[in-house]
Amino acid sequence: MKGLPIREDDLQAYVDDRLAPGRRAEVDNWLAGHPLEAARLRSYRRQNEALQALFAPVLDEPLPESLKAVVRPAQAGGRIQLFRAAAMLAAVGMGSVLGWTLRGEMQLVQTARTEAVVPALPPALEMTPVAISDTGLARRAAVAHAVYSPDVRRPVEISADQEDQLVSWLSKRLGSNLKPPKLGSLGYELIGGRLLPGDKGPVAQFMYHDASGKRLTLYVSRETGDDKETAFQFAEIGPIGVFFWIDHGVGYAISAGADKAELTQVALVVHEQLHLP
Amino acid sequence: MGEAMKPNEDIRACIPRLRRYARALLGARGEADDLVQDTLERAWRKLHLWRRDMELRPWLFSIMHNIFIDQRRRLPEETLSLDEHALEFPVAPAQECMTDVYDLEAALRMLPAEQREVILLVGLEQLAYKDVATALGIPVGTVMSRLSRGRERLRELMEGRQRVVSLKVVK
């Protein structure tokens with residue numbers, strides 16, 4: 001052995017190609033006389049290569065929604081998210097209190113004239129004054145929206161990239177065939193869905209977002225009475241607008257931080273798709 | 001990472017590699033993505049602490065490392081393997097049984113976490129030793145000794161070399 005003694009650190013750096021050329025040559029020389037050490041270093045190099053090969057596919061996997069959401073500029077800052085969720089919940093809580101004291105009437109902003117909002121609405125879907133008993137659906141949907149839509153980490157249980165699984169799982173649990181409507185024409189993309197406990201069994205919630213990160217939820221629950229139907233109704237619960245109706249005993253509620261006009265458009269598209277054969 | 005720094009874009013560009021590292025570190029996909037998520041959220045909150053002259057990747061890995069060890073501290077049985085000297089295999093050595101050969105993934109799982117981190121940051125992420133030291137908050141000398149021990153242990157596990165009966169510390 002000539003020159004500086006070869007140390008273990010040199011050998012490790014040799015494996016990672018991090019030695020200066022001169023030093024590298026010295027190590028090469030030394031290894032020529034130490035075959036066992038040379039074999040050991042070859043084995044370490046194979047480890048590096050195997051690690052690269054084993055985990056390279058992760059680099060090409062599509063990013064899950066939860067991770068995309070974290071870096072979306074519109075949603076930057078966990079604190080803002082949390083604050084928003086808290087504010088929404090507080091507002092919904094206040095809405096409920098009002099609902100109790102004023103029997104639900106004050107919190108409901110009704111459309112007096114249907115035509116002004118939805119000129120092309122079929123007669124059967126005309127807006128009618130809201131019966132107080134129906135506001136439960138809107139309130140439950142708004143609370144579910146307020147709880148889950150700000151959730152950056154797990155907004156949904158099953159994401160849209162497993163849509164088949166989502167459809168079969170939710171349909172099975174709800175006991176009826178249920179496909180998430182496609183809202184791409186309105187700029188909303190499906191994130192996924194989750195199952196929630198409802199008054200009368202499980203409830204499905206589908207979540208969508210638009211390009212700015214704004215989230216919209218569709219809440220589907222089985223209401224009492226198989227033939228029960230209501231007209232389209234709109235309520236504002238805190239900052240959340242809810243558009244809801246009951247059709248063949250199934251309640252649908254669309255919630256978002258959006259105004260009536262926008263939600264009406266969404267409701268029409270949803271309603272139409274649900275009635276496709 | 002160019003001259004005009006847009007931290008949002010730069011952080012986004014790092015996500016695939018953060019995911020890869022987390023997956024190699026933890027194995028399970030869900031857990032790994034949760035770790036990445038926590039890392040990104042913390043990075044956003046601490047972005048004001050990041051200086052332009054700091055390399056972004058080691059900084060993100062250091063955040064991930066801190067979250068990782070925080071989480072491990074909360075798991076009582078896991079803390080055992082944090083002890084670098086408790087190097088015994090979880091499997092009792094059987095006399096007539098051949099030495100086991102593990103595939104890379106299984107062998108990684110059997111490494112103490114601090115060796116696994118160094119091996120992955122060096123061998124998989126190809127960070128410079130000084131960046132690994134920064135990310136893990138340890139001296140470069142410690143990086144080198146963990147690297148040396150970890151690689152040898154991985155070799156034993158994967159090549160079925162004769163097991164060195166553990167240096168079990170019996171008190």
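## Sheet of chain A

Seven bridges join strand β4 (residues 215-222) of chain A to strand β7 (residues 250-256) of chain A, and the two run in the antiparallel sense. The model is predicted. One pairing concerns A:Val220, whose bridge partner in β7(A) is A:Tyr252.

Both strands belong to an open sheet of seven strands in chain A, ordered β1-β2-β3-β4-β7-β6-β5, with antiparallel pairing. At its edges are β1 (158-159) and β5 (233-237) of chain A, each of which pairs on one side only. Helix α8 (residues 163-174) of chain A packs on the sheet and touches β1, β2 (189-198), β3 (201-209) and β4 of chain A. The direction of α8 makes about 20° with that of β2(A).

## Contact between chains A and B

Chain B contributes 30 residues to the contact, and chain A contributes 26 residues. On the side of chain B that touches chain A, at least two residues come from each of α1 (7-26), α2 (29-45), α4 (104-109), α5 (113-124) and α7 (140-159) of chain B. Helix α1(B) supplies the largest share of that side, ten residues.

By residue class, the side of chain B that touches chain A has 14 nonpolar, four polar and twelve charged residues.

## B:Ile138

B:Ile138 is located in the loop between α6 (129-136) and α7 of chain B. Leaving aside residues up to four places away in sequence, B:Ile138 touches B:Ala133 and B:Val143.

B:Ile138 counts as partly exposed because 17 other C-beta atoms lie within 10 Å, whereas a buried residue would need 20 or more.

Key:
Residues numbered from 1 in each chain as written. Chains lettered and ligands numbered in written order. Predicted model: local features only at pLDDT ≥ 70, side-chain atom pairs only at ≥ 80, totals over all residues. Contact = placed C-beta atoms within 7 Å. Helix = DSSP H or I, 4+ residues; strand = E, 2+ residues; numbered from the N terminus. Nonpolar A, V, L, I, M, F, W, Y, C, P; charged D, E, K, R; others polar. Buried ≥ 20, exposed ≤ 12 C-beta atoms within 10 Å, placed from the backbone. Pairing = 2+ DSSP bridges. Axes fitted to C-alpha atoms, helices over the stretch in contact; angles between N-to-C directions.
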